Structure formats: structure tokens, C-alpha cells
Amino acid sequence: MEILEEMAKVMPNEDKAAYREYLDSIFGEACLETVIPLPGVIDALHALKSKDIILGVGTNDAEANAVAQMNALGVKELFAHIHGADSGYGAKPGGGMIEAFAEKTGTPITQVMMVGDSLHE
């Protein structure tokens, strides 16, 4: 999160965690008010799940925000795991979340596919 990195340069160390939580809560609340799926996404997720494809979410957002957004969309139950940058596996574009997903689901890493929403993932 670029904002936190810049603010951390001028903040006392003890304030960084509290500031991150504050930013996450503001961002989470704002996203819940505006989260909408792209046309066809919900149907596609259900179709993948019906084919026994194990689904997961990996985001640079906070895990709690991602869970809340999936709940708001009514699709949380479709995902085996939802990992945020604060879940302990590192942030994207690093591979920690993918490795954790593979391990937790018992899926060989060579059988895991990631679909991103930006070019740097």
C-alpha cells in the first residue's frame, strides 16, 4: 500500500500498525458500498465450482475486507480460501498466497492458475 509506505517515513514506528488498520477499515467500508460484479462473473464462478474446480481469492487488500466483499456478493462459500496481504503469506505479485493455497488444498502448484486484475500480477 503506497500510502502507508509514504506515511511510514514520517510516522513513529508504533503508529504504523494502527494506521494500516485505520486505512483498511476506511477502504473496506467504501468498497462494500460500491462492490458490484462484472457481468457474467457470478455465473462463471458457479460454473467453475460445479466442475469441482477449487477456487480462492488472493488480494493485496486486507483479508477481512475481501471476505466482507465476497459475502456482500453472495459468493464467499464458493472459495476454499481467501487470503489478503495481511494473511501472513506476503503480498502480490509475490507467490506466497498461491503457494499457501496449493498447500492448503493439496493441489500441486503446477495445477494452480492465477487470474489477475492488473498487468503486474
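## Close-up views of a predicted model

**View 1. Strand β1 has a covered face and an uncovered one.** The model shown is predicted. Strand β1 spans residues 55–58. Leu55 and Val57 form its covered face. Gly56 and Gly58 form its uncovered face.

**View 2. Strands β1 and β2 pair in the parallel sense.** Strand β2 covers residues 79–83. The pairing runs over 4 bridges. Look for Leu55: Phe79 in β2 stands opposite it. Between β1 and β2, the chain passes through helix α4, residues 63–73. This β-α-β crossover is right-handed.

**View 3. Nine residues make up the largest nonpolar core.** Leu55 and Val57 belong to this core. So do Ala66, Met70, Phe79 and Ile82. Leu45, Val75 and Leu78 complete the set. Which elements give two or more residues to this core? They are β1, α4 and β2.

**View 4. Val57 touches Met70, Phe79, His81, Ile82 and His83.** This list leaves out residues up to four places away in sequence.

**View 5. The protein chain holds 5 helices and 2 strands.** Along the sequence, the pattern is α-α-α-β-α-β-α. The protein chain has 121 residues, and 26% of them are buried. It exposes about 8200 Å². Carbon and sulfur atoms supply 57% of that area. Consider contacts between residues at least 6 apart in sequence: 49% of them join residues at least 24 apart.

Terms used: Residues are numbered from 1 along each chain as its sequence is written. This is a predicted model: local features need pLDDT of at least 70, side-chain atom pairs count only at pLDDT 80 or more; totals for chains, interfaces and linings use all residues. Side-chain values use heavy atoms; hydrogens and water are left out. Buried means under 20% relative accessible area, exposed over 50%, partly exposed in between (1.4 Å probe, protein chains only). Contact means heavy atoms within 4.5 Å. Accessible areas come from the Shrake-Rupley method with a 1.4 Å probe; for residues, only the protein chains shown count as cover. Two strands pair if DSSP finds at least two bridges between them. A crossover is right-handed if, with the strands pointing away from the viewer, the path from the first strand over the helix to the second runs clockwise. A nonpolar core is a set of buried Ala, Val, Leu, Ile, Met, Phe, Trp, Tyr and Cys residues joined through side-chain atoms within 4.5 Å.
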